[in-house]
Amino acid sequence: MSAAKTDRNRLGRLDSFAVYAVAYLVFLYLPVLFLPLFSFNESIYIAFPLKGFTFEWYEAMVSNAGLIAALTNSVKVGAVVAVLSTLFGTLAAKAVTRYRMPGRGLTVGFIMIPLVIPEIILGIALLVLANMGGIPLTLFTIGFAHMLLCVPFSMLVMISRLEGFDKSLEEAALDLGENAWWTFWRVTFPLAIPGIVASLLLTFTISFDEFILAFFLAGTDTTLPLFIWSQLRFPPRLPMVLALGATILIISFFLVAFAEWLRRRGVQAEKTSGV
Amino acid sequence: MSDTTFISIRGVTKDFGVVRAVDDVSLDVQRGEFFALLGPSGCGKTTLLRMLAGFEAPTKGEIFIDGQPMSAMPPHQRPVNMVFQNYAIFPHLDVRGNIAFGMRKSGLSKTELNAKVEETLEMIKLPGYAKRGANELSGGQRQRVALARALIKRPKVLLLDEPLGALDKKLREEMQLELRALQKSVGITFVFVTHDQEEALTMSDRIAVMSKGEVLQVEAPMRLYERPSSPFVADFIGTMNFFDGSVRALADGCATVDTGPLGEVRAQAEGEAPGVGERVVVAIRPEKMKLNFKAQGESVNSVQGRMGPAAYLGERSHFYVHLDGHDRPVAVAMQNMERPDVWAGQSDQPVWLSWSQDAVVLLRPE
Amino acid sequence: MAESTAPLTPPELGEFRRGWVERLRALFLRSEPTRGYSLLSPTLGLMLLGLAMPVAVLVVMSFWTQIYLDFDRTPSVANYVDFFGKAIYPKLLLKSIRISATVTLVTVLLAYPMAYFIAFRVKRSKLVWIILITVPFWTSYLLRVFAWKVVLGYNGVINSGLITLGVISEPLQFLLYNPTAVIITLAHAWAPFAILPIYVSLEKIDRSLLEAARDLGEGPFMTFVRVTLPLSLPGVIAASLLVFIPTVGDYVTPTLVGGTTGIMIGNIIQSMFGKAQNWPMGAAISVMSMMTITLLVCAFLWFTHSFRKRVA
């Protein structure tokens with residue numbers, strides 16, 4: 001009798017946790033899902049009731065020159081930041097996971113700092129530095145700032161990837177006659193590729209969506225988030241912003257979902273096939 | 001250094017920060033030898049092996065292989081190959097890819113290489129496995145592929161890090177004999193690390209017993225077992241009975257030792273004999289103790305005790321005899337076929353132990 | 001290494017030089033820290049340039065003063081005097097801290113059951129749940145805040161929806177442009193940052209520890225309190241810090257949904273570098289904010305550390 005009672009309790013608790021989890025997901029996604037919803041709405045007011053279905057905002061988005069320019073800039077900056085951050089992050093991750101060094105914890109902590117300081121402070125500090133150094137504000141300054149944010153993320157992704165795989169694989173390759181470069185090429189790189197692709201996608205997304213640092217470090221060329229910000233004070237433009245937002249969200253969602261899947265699938269595979 | 005010395009380790013010390021893992025070790029390994037580094041975990045044997053491979057650099061001292069100093073040589077240039085403890089099979093390559101991995105610079109054509117791989121597969125008794133994926137292999141198969149991968153390069157020295165640790169008992173015993181046969185047929189110097197003394201005794205030509213970073217004794221298995229040089233080694237290899245005592249007299253290479261509970265013991269005193277009055281440890285192997293239910297009428301190398309617990313192990317049995325004044329029971333091992341009568345004895349029954357003079361090993365106390 | 005004791009004659013010099021290169025090479029090979037740090041050096045260099053230098057310059061600038069469009073570089077504490085003198089600055093900083101603390105509390109409390117669910121209740125499709133949780137983490141912060149502006153607005157989604165459904169006749173005023181709106185928006189935007197660290201530390205808990213506790217007589221709730229909760233504390237701490245520290249300085253959310261009552265210290269800092277054009281003052285406020293945050297974080301860590309000691 002008591003066994004049945006426990007079972008029912010457990011079932012009850014299982015349900016309540018699951019209910020909570022679903023509700024939480026709804027809370028997490030719902031506000032954001034209104035953006036795509038109203039982007040197809042035939043009205044410049046973002047309010048119920050829905051008026052009608054239209055693509056006009058998407059058409060406006062595609063033909064807006066300022067938007068296209070900002071989009072191009074964001075893609076350019078994002079691509080460069082992704083490649084460079086992944087490179088720096090991978091080197092750092094390799095150093096941290098493969099070598100014994102005194103002060104390693106402190107060094108890692110130092111590299112992680114951009115993740116925990118308020119972005120506004122980082123932004124103004126860089127602005128001040130640029131000003132003092134006579135450096136003009138361009139896409140390069142934005143890119144540099146983004147790298148500071150993306151390198152720690154890339155390092156984190158690569159650390160979790162490298163830690164999951166066997167140090168002795170690289171030693172075995174060295175032992176069998178390959179020098180450091182060939183060992184990297186024949187063993188480390190093939191096994192790390194899922195992590196590298198994930199890092200590229202994630203850092204690209206971060207840079208692409210990043211607003212605060214870009215706000216302080218932009219010159220005449222703007223990125224897409226800055227473009228969105230500039231449009232927010234004009235109500236008639238809002239639906240176009242929604243269309244843009246919806247597009248960005250959908251693409252980001254798939255990019256990131258794919259990256260996360262890659263990253264975690266690889267690590268799990270290693271763990272199960274290990275001795 | 002003799003002509004047959006192949007590996008020479010001279011005064012090698014390795015520190016990891018404040019921890020001294022290897023302490024001033026000097027060793028010689030002969031060409032074609034199957035050499036074991038034996039010791040409990042943390043004794044420095046794996047560190048020493050890794051220094052031979054080049055993955056750690058000695059803090060002090062020098063290593064020579066075939067006369068060449070190794071200090072400036074990184075692992076990929078050394079004429080040494082290693083079989084790792086967890087085998088380190090490349091998961092993204094198949095068996096052929098793994099075995100042929102180190103042959104990229106060998107200059108062989110694709111067909112030649114494939115033939116060589118197949119030949120090596122035959123040698124490790126896995127013919128036709130070339131296309132198998134790495135994660136389709138069992139533990140024992142991985143171990144053999146790791147072995148093949150190293151051997152195909154015909155290194156001057158093969159290093160093995162606890163190669164049989166992950167295998168189950170039966171497989172391990174099989175592999176011990178196979179490895180030994182393999183080594184003899186290929187003629188390569190093997191250096192292997194283990195914490196299993198039975199394994200070391202079975203496979204090696206010589207064993208170096210290590211503890212806390214130091215090498216305590218280097219000896220062939222039989223002599224190591226019969227004539228250990230210290231209580232640690234004596235206890236680590238097989239089981240041993242220990243008794244404290246002091247030397248009463250010394251004459252004609254024979255020492256008379258007073259041991260309290262064990263009575264008067266006469267033993268061979270060879271080499272650096274202890275002096276009169278010195279404290280010694282008397283060590284006697286359990287199988288060298290003779291057990292009788294009647295007094296033997298001897299005053300030396302004999303003592304009376306009481307029968308204690310017994311353990312039956314199939315081919316042999318272990319009996320434990322209590323001695324007055326000795327806190328631990330004396331272990332006595334006997335083949336059941338030879339002495340079926342002992343099991344008829346009763347607990348606490350008086351028994352007499354005796355042993356021969358050359359069964360006694362005299363050791364310096366630690 | 002064998003050291004030569006004989007004096008060097010010219011033919012031996014060549015060997016000495018070769019030996020020198022060999023020795024350098026051997027030193028490089030012997031020293032793991034050397035190889036490790038040389039691999040790290042590009043990244044460290046980047047961080048020093050992008051982190052240490054700017055912050056240092058910022059601190060230096062906080063001791064300057066703004067004269068019209070230029071900086072007076074004579075060191076002075078005028079900005080700091082102003083900071084404490086004008087009540088608005090410390091008050092706003094404290095208000096921002098209060099808001100962030102509330103956000104942190106709400107976010108972590110809401111996130112914990114979610115992380116627990118994924119770690120303990122999901123058996124087969126864990127990867128899917130993790131992806132669902134992680135994805136919002138990476139997507140545009142600006143858009144997420146903007147979404148709430150849309151939802152909470154006077155003519156926004158909630159109001160128009162409720163009016164259409166006939167629940168209310170007049171739009172609700174209190175939804176937007178106040179600190180509560182800021183709190184809700186921030187809690188939503190930073191939720192993923194809280195879930196992940198808590199999930200990671202819950203996932204790491206050795207399940208046999210829980211079984212042992214049950215075996216020794218504790219019911220499910222007490223097992224949670226005595227085993228799971230303490231072991232997940234590092235994750236909770238990490239989550240709290242990850243949410244608290246960045247939100248103190250946020251200005252995007254207050255600007256979009258805070259209105260006049262919901263502004264935070266970040267808005268002031270931003271204006272100092274924008275319309276108000278007083279960079280040194282902005283630097284000083286930033287320095288004060290950073291120091292306050294650091295002090296609070298240290299206090300928080302000390303408190304949780306001693307709490308853990310007492311509970312253990």
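## The sheet in chain B

Six strands of chain B make an open sheet with mixed pairing, in the order β6-β7-β8-β3-β9-β10. Strands here are DSSP runs of E, at least two residues long, and helices are runs of H or I of at least four, numbered from the N terminus; two strands pair if DSSP finds at least two bridges between them. At the edges sit β6 and β10 (214-219) of chain B, each pairing on one side only. From one strand to the next, the twist averages 20 degrees.

Within this sheet, β7 (residues 157-161) and β8 (residues 189-194) of chain B pair in the parallel sense over five bridges. One residue to look at is B:V157, whose bridge partner in β8(B) is B:T189.

## A note on the model

This is a predicted model, in which local features need pLDDT of at least 70 and side-chain atom pairs count only at pLDDT 80 or more, while totals for chains, interfaces and linings use all residues. Residues are numbered from 1 along each chain as its sequence is written, with chains lettered from A and ligands numbered from 1 in the order in which they are written.

## Where chains meet

Contact means that C-beta atoms, placed from the backbone, lie within 7 Å. Between chains A and B, the contact takes 16 residues from chain A and 22 residues from chain B. On the chain B side, β6 (80-83) and α4 (139-151) each give two or more residues, and α4(B) gives the most, with three.

Chains A and C also touch: 69 residues of chain A are in contact with 70 residues of chain C. Helix α1 (residues 2-39) of chain A gives the most to the chain A side, with twelve residues.

Technical notes:
Contact = placed C-beta atoms within 7 Å. Axes fitted to C-alpha atoms, helices over the stretch in contact; angles between N-to-C directions.
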